[in-house]
Amino acid sequence: MQHSPDTIYGTTIVSVRKGNRVAIAGDGQVTLGQTVLKSNARKVRRLGKGDVIGGFAGATADAFTLFERLDAKLEQYPGQLQRAAVELAKDWRTDRYLRRLEAMMIVADASVSLVLTGTGDVLEPEAGVAGIGSGGAFALAAARALLDREEDPEAIVRRSLEIAADICVYTNRNIVVETIGS
């Protein structure tokens, strides 16, 4: 992702689904150009009635707008994350205002994990593992490597973000994790 010097960005999100559990983790760093503005931002949260978790990467204000829109879709389609995500993606592609938003999201509920992009894509990640943001590829690679060695998705996402923080200057170690499942 090419960083604009006058846009506030949130950076690295990783998700792992394993067995009947899913975890999404995000770092806390927010940057403006090459300056760290905040090191403890919360980019992962619960949505809907608490049965959906999500994380964002990209322009912070844009991501908050998308979270609000997804929450509205989840109210409209309760218990149907995939349908809500597809409806949001349709709006994102066709609405002139939304098309300009620079953000990506990973969202998950008890049955599905999805990556939502500004081009209208709603993707189910391969092997239940996804990473987005500046350090997303590093976290994704680490999570894939840990998938066979570790059973707990929460432990995998935490360790993956720590590895990404060692490599990516836009990722830090202030990690927030949300999980669903037992």
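**Group meeting: sheet, rings and pocket in a predicted model**

Let's start with the open sheet: 4 strands in the order β11-β2-β3-β12, paired in the antiparallel sense. Strands here are DSSP runs of E with at least two residues, helices are runs of H or I with at least four, and both are numbered from the N terminus. Two strands pair if DSSP finds at least two bridges between them. β11 (129-132) and β12 (176-180) are the edge strands, and each has a single partner, so one side of each has no neighbour in the sheet. On average, neighbouring strands of this sheet are turned by 10° against each other, direction ignored. Those angles come from axes, lines fitted to C-alpha atoms, for helices over the stretch in contact, and run from 0 to 180 degrees between N-to-C directions.

A word on the source. This is a predicted model, where local features need pLDDT of at least 70, side-chain atom pairs count only at pLDDT 80 or more, and totals for chains, interfaces and linings use all residues. Residues are numbered from 1 along each chain as its sequence is written, and side-chain values use heavy atoms, with hydrogens and water left out.

Back to the strands. β3 (residues 21-26) pairs with β12 over 5 bridges, antiparallel. Gly26 sits opposite Val176 in β12. Is Gly19 buried or exposed? At 73% relative accessibility, Gly19 counts as exposed. The cut-offs: buried is under 20% relative accessible area, exposed is over 50%, and partly exposed is in between, with a 1.4 Å probe and protein chains only.

Next, a hairpin. β4 (residues 30-32) and β5 (residues 35-38) run antiparallel, joined by 3 bridges. Thr31 has Val36 as its bridge partner in β5. The hairpin has 2 residues between its strands, and Gly33 in the turn has a positive phi of about 65°.

Ala127 also has a positive phi, about 60°, although it is not a glycine. Look for Ala127 in the loop between β10 (122-123) and β11. At 55% relative accessibility, Ala127 counts as exposed.

Now the rings. The structure holds 2 aromatic pairs. Phe56 and Phe67 have ring centres 5.7 Å apart and planes at 80°, so this pair is edge-to-face. Rings of Phe, Tyr and Trp (its six-membered ring) pair if their centres lie within 6.5 Å; planes under 30 degrees apart are stacked, over 60 edge-to-face, the rest tilted. Phe56 belongs to strand β7 (residues 52-59) and Phe67 to helix α1 (residues 60-76), so the pair ties together parts 11 residues apart in sequence. Both Phe56 and Phe67 are buried. Ring pairs link Phe56, Phe64 and Phe67 into a cluster.

Last, the largest pocket. Its lining includes Gly48, Lys49, Asp71, Leu74, Pro78 and Asp109. A pocket, on a 1 Å grid over the protein atoms alone, is an open set of points where a 1.4 Å probe fits, with protein on both sides within 12 Å along at least five of seven lines; lining residues have an atom within 4 Å of a point. Which element gives the most to this lining? α1 does, with 3 residues.

Pro78 lies in the loop between α1 and α2 (81-94). At 47% relative accessibility, Pro78 counts as partly exposed. Pro78 and Gly48 are 30 residues apart in sequence and 7.8 Å apart in space, C-alpha to C-alpha.
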